Amino acid sequence: MKKKLLLVDDEVEICEFLRSFFEDRDYNVATAHSGVQALDQVEKFGPNVVLLDIQMPEMDGLTALRKIKEKYPKTKVIMVTAVETQDRIEDAMRAGADNYITKPLSLEYLEKDVQEKIESLAGA
Amino acid sequence: MFFYLRNPKTVLRKILTGLILFFLGAVTAYLTSLILPWFVDAFWGSHPFTPIFIMTIIFLVAFKPIERAVKWFLEKYFFHKKSYAQWTLTQLAEELKTNLDLQELSNLIVNTLGEILHLKTVAILASDPLRGSFEVTSAFGWPLASPRKVCLNEESPLVKMIHRTGPHVLVREPLLKTLTWQGANDLARDFDQLRAGWVIPLFVGDRLVGLLALGAYSPDTIFDKGDFQFFREFAGSVAVCLLNAQVVRGLKTENFELQDSQAEWFQKTKMSAIERLAAGIAHEVHNPLAIISGKAQVLLMQKNRTPLEPHIEDALNVIVKQTRRAADITKKLLVYSQASKAPRERVSLEKVLDDTVAVAGYQAMHDKIEITRAVDPDLPLFLGNVQELREVFLNLFLNAAEAIGSEGKIHIELRRSPEDEVIEVRFSDSGKGIAPDDLEKVFNPFFTTRHDAVGLGLFVTQQIVHRYGGAIRAESRPGEGSLFVVQLPLSKASSREADEESRQNDSVLIRNEG
């Protein structure tokens, strides 16, 4: 199974180092910098896993999450955000997020989690 | 003594009543002796005062109706309208003007009326303008078990009737006779609810501010319809007092509500400002930190393919570690800022302890730290927020583990102290201890003796404990170890419910948010 990963963050630098990290590990990576772009990419690129920031211009991550899950319930979405508040975690979990990870990231943990999500898709 | 306690007119009334009765007795005895001389001679002997005296006693004891008639006669023709009762009521009306407490006022009115007029029952109803209803604020002579929450609204037949008839005193029986059967039935229900024979409406201008419901008179009370005029005047004074008290109460309630909502609003905006600030800082700081740390991690993970020079690898490791430290500060700030609205539920502190040991105990075991616990088997559930309580336990645990270093003991105790209704959490360690000078500073923000720590752990712990109305203290002897004691007060409700719940269900679930 081809590992397709979409990185969504309004901080271009974050997308870039994550891209280089995951491309090194044989992932097919696309990036987006807003919620609207993210929806667009989900449509065109068809990722298995989306790493989604919350605080973004145009459309925030929670709205994007709901729309993605509505259209593509199989796509795994991991929220990757700078701010961890109980409200936000609960909102995201209720909207169908598959995990919630806060920045700064442990790349080791992130890779393991993405890998797990892809395996769970392959197994299903 | 007996006479001093009475109103002079009452004493005069008693004497007059006695004299008239004596006179009547004497006349009756005399007439009896004229008609039946043999009767007197045969039974009472020749002394003329003996039969008169005995007949008076008979009159006093056996002929109560005669006494009542005599009293009525006296009231009517000797004391006219200025009876003691009315005099007292006028005094009462004066007194009421100085009292602005609705409840006290109501109690005073019903008790005085009841006692002075020898009424079986008296109730006062005050209007509640917000609900448009009339509620009993005080009642005299009502059985204690009976519900005092009698409430009439604008649609009640009695209130409708009053709006039609105005400030006239309503007397039950004559009034019911003027109505149709259905109308009389409905109205009678209202009278019965209030245990009333009469109802005196309390008007200020056109505004009906309340009702006085008077029960049937005791048979020996002297009243006639001529007193109605007096009652209307009295009711006017009572109505004004009642209205004043209502206005004062309304102002007080509004004021309290205003204060409450101000406090609430203040708290809300204050907290959300801090929270917004903390969230803003977290966002602005965590993103650059994520980039710095991320790039360093990418380089470190490439070392398998392109080996790094040792000093570069060291530097990258330091970058990753220090960015995590910086992020910890903002995370703690965020936890602190939003904790006030953290939802509370009944939590098993033992479970929280289990979680803490599971999360943090691995490293401790690695370091040869022995962890022992003593948990009160009857420990009640605690009403709190799991996240906050975990934060408390984790900080205390990490603090103990750090004080120990690589080898030692941590003993954790959870117990209930029933006399103070608190749960005590005790963390003792065999670590290096705290210098006496530092002991009072350990809870200060950014206080730490370690070069690689932030110094917020115990501060945040203390803040959380204080939020539950609890206390935290530290005891220590340098070189021997430290003891941290947290006291969490059980709220009355939480401890009682918790007791019941833990009795019903020994295995207690807590929500696990991980």
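**First stop: a helix pair in chain B**

Select α13(B) and helix α15 (residues 457–467) of chain B: their axes come within 9 Å and cross at roughly 145°. Axes here are lines fitted to C-alpha atoms, for helices over the stretch in contact, and angles run from 0 to 180 degrees between N-to-C directions. Helices (H or I, at least four residues) and strands (E, at least two) are DSSP runs, numbered from the N terminus. This is a predicted model, in which local features need pLDDT of at least 70 and side-chain atom pairs count only at pLDDT 80 or more, while totals for chains, interfaces and linings use all residues. Residues are numbered from 1 along each chain as its sequence is written, and chains are lettered from A and ligands numbered from 1 in the order in which they are written.

The crossing of α13(B) past α15(B) is left-handed; that term applies if the near helix is turned anticlockwise from the far one by less than a right angle, and right-handed applies if clockwise. Display the side chains where the two helices meet: E388(B), E391(B), V392(B), N395(B), L396(B), L398(B) and N399(B) in α13(B) face G457(B), L458(B), V460(B), T461(B), I464(B) and V465(B) in α15(B). Two residues are in contact if their C-beta atoms, placed from the backbone, lie within 7 Å. By class, this contact of α13(B) with α15(B) comprises 7 nonpolar, 4 polar and 2 charged residues. Ala, Val, Leu, Ile, Met, Phe, Trp, Tyr, Cys and Pro count as nonpolar, Asp, Glu, Lys and Arg as charged, and the others, Gly among them, as polar.

**Second stop: the sheet in chain B**

Next, select the 5 strands of the open sheet, whose order is β8-β10-β11-β13-β12 (chain B) with mixed pairing. Two strands pair if DSSP finds at least two bridges between them. At the edges are β8 (369–375) and β12 (471–477) of chain B, each pairing on one side only. On average, neighbouring strands of this sheet are turned by 10° against each other, direction ignored. Helix α13 (residues 386–404) of chain B packs on the sheet and touches β8, β10 (408–417), β11 and β13 of chain B; the direction of α13(B) makes about 20° with that of β11(B).

Zoom in on strand β11 (residues 422–429) and strand β13 (residues 481–489) of chain B, which run antiparallel and are joined by 8 bridges. Here E424(B) stands opposite Q487(B) in β13(B).

Now pick R416(B), in strand β10 of chain B. R416(B) counts as partly exposed because 15 C-beta neighbours lie inside 10 Å; a residue is buried if 20 or more other C-beta atoms lie within 10 Å of its own, exposed if 12 or fewer, and partly exposed in between, with C-beta atoms placed from the backbone. Leaving out residues up to four places away in sequence, R416(B) touches D376(B), D378(B), L379(B), P380(B) and I423(B).

Select helix α2 (residues 35–45) and helix α3 (residues 61–71) of chain A, which pack at an angle of about 20° with their axes 9 Å apart. α2(A) and α3(A) are therefore roughly parallel to each other, a term for angles under 35 degrees. Their crossing is right-handed.

Finally, display the contact between the chains, which takes 17 residues from chain A and 22 residues from chain B. Helix α1 (residues 12–24) of chain A gives the most to the chain A side, with 6 residues. E11(A), in the loop between β1 (4–8) and α1 of chain A, touches N287(B) and I291(B), not counting residues up to four places away in sequence.

Terms used: Angles under 35 degrees count as roughly parallel, over 145 as roughly antiparallel, 65 to 115 as roughly perpendicular and the rest as oblique.
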